[in-house]
Amino acid sequence: LSLSNSWDYIFSAGWPVQLAHTIQGGTSTSRFSFYMKDTAGSGGSYFVTDLNTGNGSVSAGQWYHVAVTRSGNTFRIFLNGTLKSTTTQSGSAPAPNANSAIGRFTPSAPYYYADGKISNFRYVKGTAVYTSSFKVPTEPLTNITNTKLLCCNNASVTGSTVAPSSANTYSIN
């Protein structure tokens, strides 16, 4: 991970779902942030705002395990297995779709490409994989109940274990 950009997108499904590394106002504010839009709502407002790992939690040149989970109406973000932030909101969360991308923002420019490497990306809808702090896995992630996407988990840039029927649906940077 580099600290040269103001936004480095890990995952984006357009405006409805965003997980990014952000810097706003200097490297002391470097953090991972998660945003999600209520698909049943109106007016385009986000029902989860600024669920993040905390200012200054990210340094250049390091690997990080980032997880965002939802159990009922409770959202959590974890950094290296440690619970960093929790919020409670209701609403319908979208699944990955044709506007989804790993390593950049979609659907339009500027793309805010991730300035780093992404490994073992898993998107699970309907199962909270983590609800409290946990030991970070040291083996590749596996296909668990309700996995919608599991990729970046082998030597090929486009390699995946679980993917949509159309390989062109997801942009993998």
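The model is predicted, so local features were taken only at pLDDT of at least 70 and side-chain atom pairs only at pLDDT 80 or more, while totals for chains, interfaces and linings use all residues. Residues are numbered from 1 along each chain as its sequence is written, and side-chain values use heavy atoms, with hydrogens and water left out.

Buried means under 20% relative accessible area, exposed over 50% and partly exposed in between, with a 1.4 Å probe and protein chains only. Strands (E, at least two residues) are DSSP runs numbered from the N terminus.

Strand β1 also holds Ser-12, which is buried with a relative accessible area of 0%. Contact means heavy atoms within 4.5 Å. Leaving aside neighbours within four places in sequence, Ser-12 is in contact with Val-17, Asn-99, Ser-100, Ala-101, Arg-104, Phe-105 and Thr-106.

In β9, Phe-121 and Tyr-123 point one way and Arg-122 and Val-124 the other, and all are buried. Not counting residues up to four places away in sequence, Phe-121 touches Phe-11, Ile-102, Leu-149, Leu-150, Cys-151 and Cys-152.

Strand β9 belongs to an open antiparallel sheet of three strands in the order β9-β10-β11. Two strands pair if DSSP finds at least two bridges between them. The edges are β9 and β11 (160-162), each with a single partner strand, so one side of each is left without a neighbour in the sheet. Neighbouring strands of this sheet are turned by 5° against each other on average, direction ignored; axes are lines fitted to C-alpha atoms, and angles run from 0 to 180 degrees between N-to-C directions. Four bridges join β9 to β10, with Tyr-123 opposite Leu-149 in β10. Two bridges join β10 to β11, where Leu-150 stands opposite Val-162.

A further open sheet has three strands in the order β5-β6-β7, with antiparallel pairing. Because β5 (66-71) and β7 (82-88) stand at its edges with a single partner strand each, one side of each lacks a neighbour in the sheet. Its neighbouring strands are turned by 20° against each other on average, direction ignored. Six bridges pair β6 with β7, and Leu-79 stands opposite Thr-82 in β7.
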